Structure formats: C-alpha cells, structure tokens
Amino acid sequence: MARVLSLFRPQPVLALVSRYKPASCQMSMDSRARDVFTAAVEAVQPDAVVRQSVERKDDSVLISGRKFTLKHNLHLVGFGKAVLGMAAEVERMMGDHLVDGVISVPHGIQQTLRQHGKSHLLPKENSKIQVMEGAKHNLPDEDALRAAEQIKQLAKGLTEKDLLLVLISGGGSALLPAPLPPILLQEKLDVTRRLAAAGATIQELNTVRRALSVLKGGGLAKYAHPAQVVALILSDVIGDPLDLIASGPTVTSEVWPEEILSILERYKLLSCIPASVKDVLQKQSRKEKAEEWDASGHVLNVVIGSNSTALERARLRARDLGFHPVVLSPGVCGDVRAVSRLYGLLTRFACSPEEPPAEVAAEVLRLGPDVGVQSWDLCRTMQELGERRAGGSGTTCLLAGGEPTVELTGKGRGGRNQELALRLGLEWRGLALPPNGPVFLSGGTDGQDGPTEAAGAITDAGLCAEAQAQGLDIHQFLTNNDSYTFFSRLSSGKRLLVPGLTCTNVMDVHVLLFPSASNINKG
C-alpha cells in the first residue's frame, strides 16, 4: 500500500499554480455547476451527434471512416427515446436519397416536442419516414409490436443494392418487441418480469430476451441481409456494450436453448414459464444456431454518443468557467450509499489542508469495485487531486457519469440522482459553505430522475443545517426513498435540477466542485 500511496505525493515540479484563469463571471458555484451539466446534455443532443458522426459528400456518405454510395437506395428504421431527432437530422442531410423509413418512438413524444418548441427534432411535413408511437410507461405494448412488425417488413424487402440506416437510443428495447411465435407479447413480458423479480442480472435478462425475440440479438440485421446495414447508436449503457443497447438488434449473438433453460432453472422458474416459451426452446436446435448467417462486411455498428461524449463537453465547459477539470469515470454504478461515501472520501482527499491520512486513499481504492471504477482511474484521479491540493490555487471540477442504483425501502418519490445528492450532503456536514466549500450536482441527462419532474439535485455542506432549520428529517426521507419530496420542501425547491425535456439519454452526470484546500475548512 505504501508503494501505491506514494503516487499521490505531489512532485515539486508539478506543484504549480493552475494555468487556467479564474472565471471572470460573477456566477455562483451552484449556477456554474448547472452550466457544466447543461453543456454535457447539449453535447449529446440527437441531431448534434448525427451531424458530428455523418459526413455527406455529393452522392456518398462517410461514417466511421467508411464510404457508402447513395443512389436513391437509403432506407431508415429506428427505435428509442431520441430517434426522432436523429431521424430528422438524417432526413435533412440525405433526404434526397431516402426511399422510406419507419421509427418506433415513445407514446406522445411528438406532441411533447411541439409543446416545448423543439419541432426541429421532428421529421419534416410529408416526410417519407413513418412515425409510430407506443410503449406507454416504457413498457412493450401492442402499438410498439405493430411498429416492430413494420420495421421487420421494411428490412425484409431490401436487396444488396440498398443501404439500411438503423437509429438506436435508450428505450429502444421496449419499442421493438417481436416475440418468436407462438409466444405472445404478454407471455414474454411475464417471463422477463419474473426473472427480474427473482434477482436475475441485466446480462441474464438480455440473454433470455434475445433468445425469445425475432429482431433482437442481430435479428433485424439478419432480415435486412444482403443489404448494407449501418447502425448509429446513442448509448445509455455503461461501457457501451453493443449487444446490450436495445438488446442488440444489429449485433449477432449466439444463444443456446440450453443456456436459457439453465437461467430459468437457476431462478426456479422452469415450472411456471408459459408452454409457448417451452415449445420455442425445445424446437431450437444446435444445428439451426450453427447455421447463422455471416454478418461480417454487411453490418457496421457505430456509437455516436455516450456518457463519455457528455463528460468531454462538460470538461471543456468547466475549463472555460475557470475550473481545473478532472474526469474520474463514465462508468460509476453500484448503490448510491457507496457512491456518496466515495465522493465524500475524495472530497477529504482533495480538500484537506495537509496531506490526508493514508487510510483515506486506501478506503477509496477499496470502494472502487463496489462503484464500478477501476483502481487505475482512482489512482490517476487522486494523484491529480493531490497535485492540485499542493498547488493551493483555484477550484477543481471533478466529473463522473454512469448509473448508480437505489435500494428501495420505502414508497416515497425520488430517484438515484436526488438520493445521491441527499446522502452526500450528510457526508459533508461540518465543511465550509460555498464559495469556500464543495458543491455537488447529480443529474440524469434524460431530464427525469425516477417518477419526478426533476433530473436531480444540488447539494453542499449547508444541507443538514438548512434542513434542520426547516424541520425536515433527512434520515426519515431517506428511509422512505422520498428525496424528491425533501428537495421540493427544502427552501421552496431551489436545490432541484429541473432542465425540462432534454430529448436525449446517456445516463447520469456528476459534477463536484472542490475549492482550494486553504478555503474549505473555514466554515
């Protein structure tokens, strides 16, 4: 451990005053944290990520270094919460070669976009793209099933001369339901619900979902063969695994019936699955699976936007505001209690007037596996925070992203971002108030944190005293998972983050502002 900790001792040559100029504006720390979050969301707007990833050159298009010829041979399908804006931008860029299109989007989203003045994210009037709405409450339904059938029929009619552009974003799995016959939609839904309730992992759920689906697990790309398939993906999954985003409709995956039966048996569900599911699994043979088509050369999957994209724009904005930006990781996960503990320890590490005890760094490294952050990223981050502490000048902006979880123990209203902010406020008791003390913002890039109108919340070391003065018991609200009610009542909701409709989703963004160590303990 002594060898590891030596990494964090600042080197004299690096203990320099920050080269970044202090912010000239008079914005509060709270406002600047919100500004950084806004920049992150703007970076992953659906039309923007398409523009940045697709280059039109005369009668061809360049995507991820590959050139595709346009000869009135372009077809488009899409599914997800952000594909309306993606499709609108594709139509603007290549509409003269667009033959037809079908996209499956959330119920009511077109009206919502118009109401919020975002009609630029809608396909043009008389568009060749058919927009089909479904999946109320983010659950597969008959409307989404009809959309999936239309998408399948479009793909089936393509030839080797055609180019199929597939647009995928978060929520795509629920918007592309197509169970293998004779399985009914409700039967498939029941199986996955039972697995989730029994504690199955997301990998196991997706394995079963793909095996019982017509279009998932590469099924859509298979129907489109021999056409060229290009998928543009806005990722809402940690690590951007192509087979998990919308259950991988353009990613060939091999799943054996025996594997599905093993998962069902592991969770003691074999005796209660529908007869149709048993029938499908029994009919699928190894020979049939071994004769899967070869997708090489015919399918290109490109992630055009992700949490990393958002964090990079946030980093640039933080620098423009006069902060020294440090990106921890785009893969923070695990229980919010562990995440808040990690951020509390990193605050002590960054803001201690003297070199912190070795136990602080040791505890940070111990928490790494629990929150999905690699030891190397933690070591790199602590080394940079240590150098900043020694320099003693300016505010550091620590950035992270991902998707933590909340253990539900109550029936209140809230979400992971608001609960994380509330728990970190407890961790920070006794520290100085802004601008001399730390500030934390946690927000969902989709603009919605749990079943609330807020995307998240902002906290600082004054949270506990502020709550106590207003007769609010933080522990009681946490026990009931009622963070939204807490922040709504606290000072008339001033700490809530309510950006409204964002039209995108790349999980969450965390912004931690650490003033110099010489100021933080003056509270």
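Colleague: Which domains does the domain assignment of the protein give?

Modeller: This is a predicted model, in which local features need pLDDT of at least 70 and side-chain atom pairs count only at pLDDT 80 or more, while totals for chains, interfaces and linings use all residues. Residues are numbered from 1 along each chain as its sequence is written, and side-chain values use heavy atoms, with hydrogens and water left out. Domain bounds come from an automatic or database domain assignment. That assignment gives domain 1 (46–305) and domain 2 (308–522).

Colleague: How many residues does the contact take from domain 1 and from domain 2?

Modeller: Taken over C-alpha atoms, the centres of domain 1 and domain 2 are separated by 34 Å. Contact means heavy atoms within 4.5 Å. The contact takes 14 residues from domain 1, and from domain 2 it takes 15 residues.

Colleague: Which residues of domain 1 lose the most area to domain 2?

Modeller: Buried area is the accessible area (1.4 Å probe) that two parts lose on being put together, summed over both. Between domain 1 and domain 2 it is about 1,100 Å², with carbon and sulfur atoms giving 64%. On the side of domain 1, 40% of what is buried comes from three residues together: K118, D236 and I238.

Colleague: How many residue pairs are in polar contact across the interface of domain 1 and domain 2?

Modeller: A salt bridge is a side-chain nitrogen of Lys or Arg within 4 Å of a carboxyl oxygen of Asp or Glu, and the count between domain 1 and domain 2 is zero. A polar contact is a pair of N or O atoms within 3.5 Å; within protein, one must be able to donate a hydrogen and the other to accept it, and residues adjacent in sequence count only if both atoms are side-chain atoms. With both residues at pLDDT 80 or more, the number of pairs that this rule finds across the interface is one.

Colleague: Which helices each supply at least two residues of the side of domain 1 that touches domain 2?

Modeller: Helices (H or I, at least four residues) and strands (E, at least two) are DSSP runs, numbered from the N terminus. On the side of domain 1 that touches domain 2, at least two residues each come from α3 (46–53) and α5 (109–115).

Colleague: Why is helix α8 largely enclosed by the rest of the structure, and which elements do its buried residues pack against?

Modeller: Buried means under 20% relative accessible area, exposed over 50%, and partly exposed in between (1.4 Å probe, protein chains only). Helix α8 (residues 202–211) is largely enclosed because eight of its ten residues are buried. Among the buried residues of α8 are L205, V208 and A211. The buried residues of α8 pack against α7 (185–197) and α10 (257–266).

Colleague: Which residues does S276 touch, not counting residues up to four places away in sequence?

Modeller: S276 is in helix α11 (residues 275–283). With 10% relative accessibility, S276 counts as buried. Leaving out residues up to four places away in sequence, S276 touches P182, I183 and E187.

Colleague: What distance separates the C-alpha atoms of G462 and V439?

Modeller: G462 sits in the loop between β13 (456–460) and α18 (463–469). G462 is buried at a relative accessible area of 13%, and beyond four places in sequence G462 touches L433 and R495. V439 is 23 residues from G462 along the chain, and their C-alpha atoms are separated by 9.9 Å.

Colleague: Which residues are linked with E89 and R92 in a network of salt bridges?

Modeller: The whole structure has 22 salt bridges, and in one of them the side chains of R92 and E89 meet at 3.1 Å, N to O. Both residues lie in helix α4 (residues 83–94), three residues apart, about one turn of the helix. E89 is buried at 7% relative accessible area, whereas R92 is partly exposed at 48%. The residues linked with E89 and R92 in the network are D47 and R51.

Colleague: Is E419 buried or exposed?

Modeller: E419 forms a salt bridge with R423, the closest N and O atoms being 3.2 Å apart. Because E419 and R423 are four residues apart in helix α17 (residues 416–427), about one helical turn separates them. R423 has 18% relative accessibility and counts as buried. At 3% relative accessibility, E419 counts as buried.
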